[in-house]
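User: I'm new to reading structures like this one. Could you walk me through it?

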Amino acid sequence: MITASTALTAAKYLFGASVVATTLAAGGLWFFQRHLIYPAYMPDGSRKFVPKPIELGMPYEDITLTTRDHVKIKAYVIPARKNPVVVDQLRGLNHKQREELGEKEMSKWLEEMGDEQAIQYAKSRPTVIFFHANAGNMGHRVPLARKFNVEYGCNVFMLSYRGYGLSEGKPSEHGIRIDIETAMEYVKSHPILGDTKIILYGQSLGGASCLYAGSRFRDMVSGIILENTFLSLPSLIPLVLPQLPKFFLPILLTEHWDAQHTMPLIPSTTPILMIAGKNDELVKPSQMIALRHLRESNCLAGTLKWKELDGGHNDTCLQPNYWQIIGDWLKDEIENNILDNLKSSQEGKVKGKEEEEESESSSNSGNSDDYQKVTKEEALEAKKEL
């Protein structure tokens, strides 16, 4: 029979173990949170080996961008082509044969860049900007880029955040936001990509990056695709580390990626496609549902499309109908409206210039951060829907 003294002793040990576990979790979050949130070292070799688009038959340009805080980040530009290398041309080829095919395609592409018809074709096609998830590097997303580039005829721009792949620096929310701004400015000024419709595509952390880019470059973005993205890190971490008391988070957490600050800034007319894996074991489905509710509280009918698939966090993109969903959305929301959008873009240039001048004259600082420009009323209204 358990005595009161024994029960009290056991309770003390359990409480002590709980305190130790909580303290370790809190300490680990404080000291190692960026290492945990941004595992750029996974999988093994991710900081040394970055797969190249040409390995899958796609000619590309290897880009090095320098951010405003003097960090060099790597990027790929993959142009849309009238006659890309299709899957059947790659089947059965060994490594050497693929290299030879790649060399031929690079030579052909260099010739195409001197052909005005090839340039105009690329300009007529949408551009997909890839923001990758929190592990790996841009090269690990080359197979996904191929789907957009070859099957849907899109230009593709992709980058490795600072501290990922062959990019310099160490990752943080502040730093990655600078990387995103640098990438968007590059695409905006690009002689081909700058004249195209821009779609943002991101999985998990990449989705949070898309929301930030969409909130900062509102007039530039024509559509956003989010897959298995979280509402915010403060809302996600308790699901991953339930032993950590929630009241610790405001004290310990330096990384937030809060959609409640970015989603309300994205124009209600910007089409968004959300694809959620119903079996996501890392970013629980409730996170995507919360994002959906947040968007619905700030959008007009027809600018949000929601799809659920039987996928987990890392294999939703492998589920049947995934690419059909994306292809249909591209046609319905982007390509079918491209002529009207180009016309309205031209008509809006004068108005946009006037609004820009008015905005600059009314601002005390040319470097204000739109990420912080959500009023308390807007934030409270968004929270009501969660």
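User: How many helices and strands make up the secondary structure of the protein chain?

Analyst: Helices (H or I, at least four residues) and strands (E, at least two) are DSSP runs, numbered from the N terminus. Here the protein chain has 14 helices and 8 strands. This is a predicted model, where local features need pLDDT of at least 70, side-chain atom pairs count only at pLDDT 80 or more, and totals for chains, interfaces and linings use all residues. Residues are numbered from 1 along each chain as its sequence is written, and side-chain values use heavy atoms, leaving out hydrogens and water.

User: What is the mean pLDDT of the protein chain?

Analyst: pLDDT is the predictor's confidence in each residue, from 0 to 100. The chain's mean is 84, and 76% of its residues reach 70 or more. Over residues 6-24, though, pLDDT is below 50, and that stretch has 5 contacts (heavy atoms within 4.5 Å) beyond near neighbours in sequence. Residues 378-386 also stay under 50.

User: Why does the span of helix H12 agree with its number of residues?

Analyst: The expected span is 1.5 Å times one less than the number of residues. For the 14 residues of H12 (322-335) that should be 20 Å, and the end C-alpha atoms are 19 Å apart, so the two agree.

User: Which residues of H12 are buried?

Analyst: Buried means under 20% relative accessible area, exposed over 50%, partly exposed in between (1.4 Å probe, protein chains only). In H12, the buried ones include Tyr322, Trp323, Trp329 and Leu330. Across the 386 residues of the chain, 49% count as buried.
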